[in-house]
Amino acid sequence: MDTEKRRDQNLSDNVIQDNLEDNKLVHQFSDAMLETILNSSEDMIFFKNKKGVYINCTEAYADYHGLTIQEVIGLTNHDLHNAEKAKIFNEQDKEILKTLKSIKNELWGISKDGRKMRLETVKSPYYDKDGNVLGIIGIIRDVTDKYQVEMELKENRRYLRAVLETSLDAFWVIDEKGNFLDVNSAFSKMSGYSREELLYMKISDLEVKETVRGIKNRINKILTVGKDRFETVHKGKDGNTYEIEITTSLFDEEKGLIVGFARDISLNKAEERKIKNLCFHDHLTEMYNRRYIEDSIDRLDTPRNHPFTIMMLDINCLKLTNDAFGHQIGDQVLVNVAKCVKKACRDDDIIGRLGGDEFIVLLPRTNKLDADKIKCRIQDFVSELEIDSMTVSVAVGYSTKYSDGTSITDIIKEADSMMYRNKIKTAKETQNQIIRVILDNVNRRHDFEKRHSERVAYYCENLAKEMGYGKRICEDVKKAGELHDIGKIVLPEELLNKVEPLSREDYDLFKQHPETSYQILKSTTEYAYLAEIILHHHERWNGSGYPEGLSGEDIPLLSRIIAVADTYEAMTGERPYTKAMVSEKVVEELKAIAGTQLDPELVKTFIEKVVK
């Protein structure tokens, strides 16, 4: 029994001994593993007991302080750091032991060689196998390089943000679904939305030109190709649209982020359209110009547009209108006639101004019957115009091409010929009507002008009869007397009604009216032959007159007759600036200027036989 007990006891003792040996080996292994970790770590690691005394550390930590491991062991915070830092670290240690929570921190440190280092620290409580707190473990990592990189990135981001915020171009970042992730101030200003509003929006909320599918396809293209550049139209917060040019790049392929720069090109596009419009449009009437018309004729001259009609139009007496009433009135006529033509034509018809007073209309798939209807509508609309008490008329001609066998050049010539024939029929009536309007305007503005012209015409006719000239010359000089002052239409009303004597400037302006009369009458068919006569009725026998300073018999005979009649009427008729002279005094004045201002032979006959 005793033997068995001893045997069991020995067995038990052996087991206990074996366990002790195993535990010793475990502790030895644990210590060896910890020592290996500490020695191989590049981080600075230290252990402190609960009293704040260093009990172990890595060589890196000891080296940081310029000490050995053995020299660090047994030291405290006050031994390794200045008073300020030691106080902070002691407070942290107390907090860790009290809360049993880790404390992370970043701070600057100075190595033994004086290098400034950015340090990332983690301090935590450490325990024994039973969970009892033994002290504090600290791990310190040199993150100087990382910190500098982060600071550089942060600085670069600040710099980039500053650049983007000061950029005139709008900038944005979107994801693959088109959501705005970031925008700059320029984009906010362009769209009218604040940055905060845009970050809750998609690019499709602004897009006008593209459909949702179109936007998706464009984003997919950028994700595939890596970039894109295009023009589109956006709508701002105020509802107005604006044209923009967008340049995009794939910023982050993994996350599907796209950056874009947008520039408002509305003004540029408007300027482009304006230039294009000027290239192909007449600036006054806004109709197409000759260049566009010529290109259009070439383009439309195909079998599918047959019958193809070309219509030519010419405004009757536009030159006469310009000479009599000024180019401002003439421009009004052009603009209003253009509107009438456009109103009479169809949407697909092409209307152009070839220059001056001539228009052209291209009528694809239009036969002669339909062309004639358009012609009648144009003439009806134009006849309803009344500009400055004057009606307007146009001459119209057209020709139609039915097959390729006919030259388009011949069609244009035939249309132009037809228009010219029509102009011959209508122009004379229009000219006479304009002349009547001019005379009415002159007479209405200046009460004495009508009486003056009638009396000059009477004296001219009678003087010509007394000189023995035939009926034709008498009638011509009478008509010339009626029209001799028609050029006064361009003179200011206050000039002709001026009471005080004319100044030099007034007189220079007044002397222009014979040339204006000439230009007006030269533009007519019926009165063109009188233009030269009226031009020279202010010439003087001695060459001191105007406009050309002719003298003696170089002055046309009928001009000399008008000069005598005009002078006599001026002295005997009432004027704003002078009273009529008595007959005897007028006769003496005529005799005095005969041979210098007036033809002496005509003055003699006039005194003896006309005013006897």
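In the hairpin of β3 and β4, which has 5 residues between the strands, Gly114 takes a positive phi near 85°. The model shown here is predicted, so local features are described where pLDDT is at least 70 and side-chain atom pairs where it is 80 or more, while totals for chains, interfaces and linings use all residues. Residues are numbered from 1 along each chain as its sequence is written, and side-chain values use heavy atoms, with hydrogens and water left out.

View 1. Helices (H or I, at least four residues) and strands (E, at least two) are DSSP runs numbered from the N terminus, and two strands are said to pair if DSSP finds at least two bridges between them. Strand β3 (residues 103–110) pairs with strand β4 (residues 116–127) in the antiparallel sense over 8 bridges, and Trp108 stands opposite Arg118 in β4. The hairpin of β4 and β5 has 5 residues between its strands, and Gly131 in the turn has a positive phi of about 90°.

**View 2. The sheet that contains β3, β4 and β5.** This open sheet is formed by 5 strands in the order β2-β1-β5-β4-β3, with antiparallel pairing. Its edge strands are β2 (54–57) and β3, each of which pairs on one side only. Neighbouring strands are turned against each other by 25° on average, direction ignored; angles run from 0 to 180 degrees between N-to-C directions, and axes are lines fitted to C-alpha atoms, for helices over the stretch in contact. Strand β1 (residues 44–49) pairs with β2 in the antiparallel sense over 3 bridges, and the bridge partner of Phe46 in β2 is Cys57. Helix α5 (residues 83–99) lies across β1, β3, β4 and β5, and runs at about 165° to β3.

View 3. Strand β6 (residues 170–174) and β7 pair in the antiparallel sense over 3 bridges, and Trp172 stands opposite Val183 in β7.

**View 4. Helix α13 against helix α14.** The axes of α13 (residues 327–344) and α14 (residues 368–383) come within 9 Å and cross at roughly 140°. The contact (heavy atoms within 4.5 Å) is made by Val337, Cys340, Val341, Lys343 and Ala344 of α13 and by Ile374, Arg377, Ile378, Phe381 and Val382 of α14. Helix α13 has 18 residues and reaches 25 Å from its first C-alpha to its last, close to the 26 Å expected at 1.5 Å a residue, where the expected span is 1.5 Å times one less than the number of residues.
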